[in-house]
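Please look over the sequence and the three-dimensional structure below before reading on. The report that follows takes up spaces, helix packing and some backbone details in turn.

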Amino acid sequence: MATRLSAVAKFAGVSEATVSRVLNGKPGVSQATRDTVLTALDVFGFARPEPVRAERARLIGLVLPDLQNPIFPAFAEVLGVSLIQRGLVPVLCTRTADGVSEAHYIQMLLAQQVGGIVFVGSSYADAGPEQCRQLVERKLPVVLINAADENLGVAQVCVDDAAAAEQALVHLTGLGHERIGLILGPSGHVPSVRKLAGFGRFWQARGERRWRSWVDHTVFSVEGGRLAATRLVTAGVTALVCGSDALALGAVRAVRRLGLEVPRDVSVVGFDDSTYMAVTDPPLTTVRQPVRAMATAAISSLTAQLDGRPLPGGAAGHEVLFEPELIVRGTTGPAPVDRTLASAH
């Protein structure tokens, strides 16, 4: 006990007597100091005193695939601010290359008695059946943003991926492009599946039968975009619709390595409108996700669950769908006459 008091007091920058007062629920300690001591207990893995143990419900997990894709930090920033404004404390968890996965984070968050979890660009289904079972059994409030896979019975907030693909296609066909490639994430990745569905409907409505040969799946990275774009441009497409801005930047690199120019020879459209896309060379035409509106909807859904209020639609599996917005910049232009004629023969 003495060792615990000393360690917590040193970390929190207070006296051992102050730590003792917090542990015993005695008055005379400001709320700020009390919160600092309780946080120190969490850091060292010491159990909070029973009367305040329920306060751990103020902790909310934010689980993201990574922080390299700028769209994920953008979501994390808005989600974190929104949680803090509601008196909740965000706990950021990102999957790492050295093996810290969704499963690890779910176990850690459950051990800390968090009040809920928001998954961005992934889902608890990625973690495995055991973690799914624990979340369901504990009836922990969960919200998924742009979930990577199907999750029935869970509150979800998503951008309309099919509409995003169709917006890009309307723009490009309006510029005269007739052979348009689509670069997506791995097969089975739900946002990619939805973009592919929109892509297919667009071409089927026009009687185009070749569209399946214009699709390529890859990993979400600049290099993945470069490899996929190289294959599609070599096959004769004059424009590329990409499932992320990172893929689009890889596509621009591929076009240049082939000795062509963007947008003179090949047009490129990204997805997300993540940070700095307006200042790339050339500035990237992309389909914007309404990050702030989506994050706000996710936190509203989470707090409704925390308060025991019914969600819109009356079911935990309700999905809120947001319309994307095409942002036209410098990577799209008229179809090149010479490449279009060559591909038609």
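## A tour of the predicted model

With a relative accessibility of 75%, Gln 68 lies over the 50% cut-off and therefore counts as exposed. The model discussed here is a predicted one. Gln 68 belongs to the loop between β1 (59–64) and α5, and although 178 residues of sequence separate Gln 68 from Ala 246, the C-alpha atoms of the two are 9.6 Å apart in space.

### The pocket and the cavities

The largest pocket holds about 660 Å³ of space. It is lined by 33 residues, and those closest to its centre are Asp 66, Asn 69, Phe 72, Phe 220 and Ser 244. Sorted by class, the lining of the largest pocket consists of 15 nonpolar, 11 polar and 7 charged residues.

Across the whole structure, a search finds 2 cavities of 30 Å³ or more. The second largest cavity has a volume of about 30 Å³, and its lining is made of Ala 164, Ala 165, Ala 168, Lys 195, Val 241, Cys 242, Gly 270, Phe 271 and Val 287. At least two lining residues come from each of α8, β8 (239–242) and β9, and α8 gives the largest share, with 3 residues. By class, the lining of the second largest cavity has 7 nonpolar residues, 1 polar residue and 1 charged residue.

### How two pairs of helices pack

To describe two packed helices, one gives the angle between their axes and the distance between the axes. The table sets out these values for two pairs.

| Helix pair | Angle between axes | Distance between axes |
|---|---|---|
| α8 (161–174) and α9 | roughly 40° | within 7 Å |
| α5 and α12 (291–306) | about 45° | 9 Å |

The crossing of α8 and α9 is right-handed. For the other pair, the angle of about 45° makes α5 and α12 oblique to each other, and their crossing is right-handed.

### Details of the backbone

The bond that joins Val 262 and Pro 263 is cis, with omega about 5°, and Pro 263 sits in the loop between α11 and β9. The bond from Asp 281 to Pro 282 is cis, with omega near -5°, and Pro 282 is part of the loop between β9 and β10 (285–288).

Positive phi values can also be found. Asn 146, which is not a glycine, has a phi of about 50°, and this residue lies in the loop between β4 (142–145) and β5 (155–159). Is Asn 146 buried or exposed? Its relative accessible area is 12%, which is under the 20% cut-off, so Asn 146 is buried. Tyr 276, again a residue other than glycine, has a positive phi near 75°, and Tyr 276 is located in the loop between β9 and β10. Because its relative accessible area of 64% is over 50%, Tyr 276 is exposed.

Notes: Residues are numbered from 1 along each chain as its sequence is written. This is a predicted model: local features need pLDDT of at least 70, side-chain atom pairs count only at pLDDT 80 or more; totals for chains, interfaces and linings use all residues. Side-chain values use heavy atoms; hydrogens and water are left out. On a 1 Å grid over the protein atoms alone, a cavity is a set of points where a 1.4 Å probe fits but cannot get out, and a pocket is an open set with protein on both sides within 12 Å along at least five of seven lines; lining residues have an atom within 4 Å of a point. Grid points are joined across faces, edges and corners, and a volume is the space filled by probe spheres set on the points. Ala, Val, Leu, Ile, Met, Phe, Trp, Tyr, Cys and Pro count as nonpolar, Asp, Glu, Lys and Arg as charged, and the others, Gly among them, as polar. Helices (H or I, at least four residues) and strands (E, at least two) are DSSP runs, numbered from the N terminus. Buried means under 20% relative accessible area, exposed over 50%, partly exposed in between (1.4 Å probe, protein chains only). Axes are lines fitted to C-alpha atoms, for helices over the stretch in contact, and angles run from 0 to 180 degrees between N-to-C directions. A crossing is left-handed if the near helix is turned anticlockwise from the far one by less than a right angle, and right-handed if clockwise. Angles under 35 degrees count as roughly parallel, over 145 as roughly antiparallel, 65 to 115 as roughly perpendicular and the rest as oblique.
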